[in-house]
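I jotted things down as I looked them up, one topic at a time.

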Amino acid sequence: MKENRPVTIQSDATLLVDVHDPAFEEARNDISVFAELEKSPEHIHTYKLSSLSLWNAASAGISPDEIITRLGKWSKYEIPENIIFRIKQSAGLFGKITLLPSDDPYKLILNITDTKIFKEIRALKKVAKILIPADDIEDQYFFIKLIDRGTVKQELMNLGYPVKDEVPLKKGTDLDITFRETTLSGHPFSVRDYQREAAHAFFGEGKAGNGFGTIVLACGSGKTVVGMKVMEIYKTNTLILTTNITAVRQWQNELLDKTNLKEEQIGEYTGERKLIRPITIATYQILTWRPDKESDFPHFDIFRKGDWGLIIYDEVHLLPAPVFRVTAELQAISRMGLTATLIREDGRETDVFSLVGPKRFDCPWKTLQEKGWIAEANCFEIRTELPHNLEVPYVVADKREKFRTAAENPVKFEIVKDIIENHKEDSILIIGQYISQLKKIQQMIKVPIITGQTPNNEREKIFNLFRKGKERIIIVSKVANFAVDLPDASVAIQISGSFGSRQEEAQRLGRILRPKEKNAYFYSIVSHNTVEEEFSANRQKFLTEQGYKYHIELR
């Protein structure tokens, strides 16, 4: 065994990194460019050498030999032979298939340097319909239509073949964007080091093969600023897609507050307004609206207007499946995804990587907490029994009804009141899945409630009262899971959730992680000895992998 080296390499391609080793940070920086962070609890971080992570490294110019050298530098033990073989095989695939421009502006060249791979791809029925043979059958390349640029990358990646895209990206119309040193609200402003690092990791010095990808940062860490930093670098017309009208207006406010942009340069494209400006902010909902299931999506035209040089997908893990189709047509434009977690409940994480772009930057939540960029959070799971009158209905119900019966357990109301009593000086969010349950709580404690039925103007009014401290407690349904900036919220009480959604659990905790003077408290109330406990354990999985601990209390 080699002393003072923090990495243990296992034959299943996992890397265990000792957080307490003096060389931890240097080793982590070396390996994070070619290994994906899977778990980051207190003592040992787990990374994975996946085909995708190795292709990402190769796309950044890191050779298989360099990867092996870095692992050898930090490994406690000899590198397993199968790992060396895997690195050379997977990373060595990158660059064997390349997309290049052709003389025909409506076609691209798919060049394949490896004869064996060329013959295999030529025989694949799944991609045959989008490959146009070269004039000379002996030439190892195909033509593809410009519109199939994303589709061919997606299909070949699913088959295990990465495509190196060297077709230049479109620049878009020039637009001067610079940051203010003092915000309009009168506060000094500067981009944080990790935000700047994330933006430059995306830009990659403007070289071919960069300018598309995903940035993964914790809720409350300022992903919007990363997006604005990229906009400052590119200085071009930008289309921003986000989750709801509240998020649209938050983006607009941030741009006006922190950059030189004027109101007349920023357009809102939603169900309420449809203005296309040099900076246009749209919702996913408006893009996926159509009169009926047989109709086209009429608002997809926005992608072809405005001469965009950059598209930002906010909360990219929520990118609706229909948008993947048009995203495949937009491979000529720089595109960035922003998210706190790439977990998708529909399992389409690979599509995000292949169509929006690979992960370019991430940082463990606990690292940001230790540096003071997000609040320290204390997580509690409070378990309570079902009342006697619900025990029989619960036993005879199917699994879905069992979950709802457990989730709407009326005993939870008294626990909510106790938590509120114990946090008299805190701003509190009460979050739940079922509207009837939330309305009963509202009747009990007499505070504002926001649901999917609340008009946007009323939502904004309630959120603003909360931000200003004029309302200390508000009740919110799942409409507040994403992209809602509530900087002073320090307590979240989750009274019910969406089955086992890890993504939702992370986002709900994220509502209280904005940096503040006090610690944050996240309470999840579940019914003891019911299916809700099972779903709760799955919901917590992502956060426990990020190093958060849940303290269990029985009531």
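Predicted model: local features only at pLDDT ≥ 70, side-chain atom pairs only at ≥ 80, totals over all residues.

Entry 1

I then looked at how β3 is held to its neighbour. Strand β4 (residues 44-48) runs antiparallel to β3, and three bridges join the two. For Leu37 I wrote down Tyr47 as the bridge partner in β4.

**Entry 1: α1 against α3.** Staying with α1, I turned to its packing with helix α3 (residues 64-74). The two pack at an angle of about 160°, and their axes are 10 Å apart. Why do I call the pair roughly antiparallel? An angle over 145 degrees counts as such, and therefore α1 and α3 are roughly antiparallel to each other. I logged the crossing of α1 and α3 as left-handed. On the α1 side, the contact is made by Glu26, Ala27, Asp30 and Ile31; on the α3 side, Arg70, Leu71, Lys73 and Trp74 take part.

**Entry 2: β12 and β13.** I moved on to another pair of strands. β12 (266-269) and β13 (279-283) pair in the parallel sense, over four bridges. In β13, I found Ile281 as the bridge partner of Glu268.

Then I checked where the side chains of β12 point. In a regular strand, side chains alternate between the two faces of the sheet. Here Ile266 and Glu268 point one way, while Gly267 and Tyr269 point the other way. I marked all of these residues as buried.

**Entry 3: Thr270.** I followed the chain into the loop between β12 and β13, where Thr270 has its place. Is Thr270 buried or exposed? I got 0% relative accessibility; because buried means under 20%, Thr270 counts as buried. Its side chain makes a polar contact with the side chain of Glu268 at 2.8 Å. The side chain of Thr270 also reaches the backbone nitrogen of Glu272, at 3.1 Å. Leaving out residues up to four places away in sequence, I listed Ile245, Val248, Thr283 and Ile286 as what Thr270 touches.

**Entry 4: Met231.** I picked Met231 next, in helix α9 (residues 223-234). What does Met231 touch, not counting residues up to four places away in sequence? I wrote down Ile177, Thr236, Thr238, Ile240, Leu255, Ile279, Leu310 and Ile312.

**Entry 5: helix α20.** My last stop was helix α20 (residues 502-510). Eight of its nine residues are buried, so α20 is largely enclosed by the rest of the structure. For the record, I listed the buried ones as Gln503, Glu504, Glu505, Ala506, Gln507, Arg508, Leu509 and Gly510.

Notes
Residues numbered from 1 in each chain as written. Heavy atoms only, no water. Buried < 20%, exposed > 50% of the residue type's maximum accessible area, 1.4 Å probe, protein only. Polar contact = N/O pair within 3.5 Å; in protein donor to acceptor, adjacent residues only side chain to side chain. Contact = heavy atoms within 4.5 Å. Pairing = 2+ DSSP bridges. Axes fitted to C-alpha atoms, helices over the stretch in contact; angles between N-to-C directions. Parallel < 35°, antiparallel > 145°, perpendicular 65-115°, else oblique. Left-handed = near helix turned anticlockwise from the far one by under 90°.
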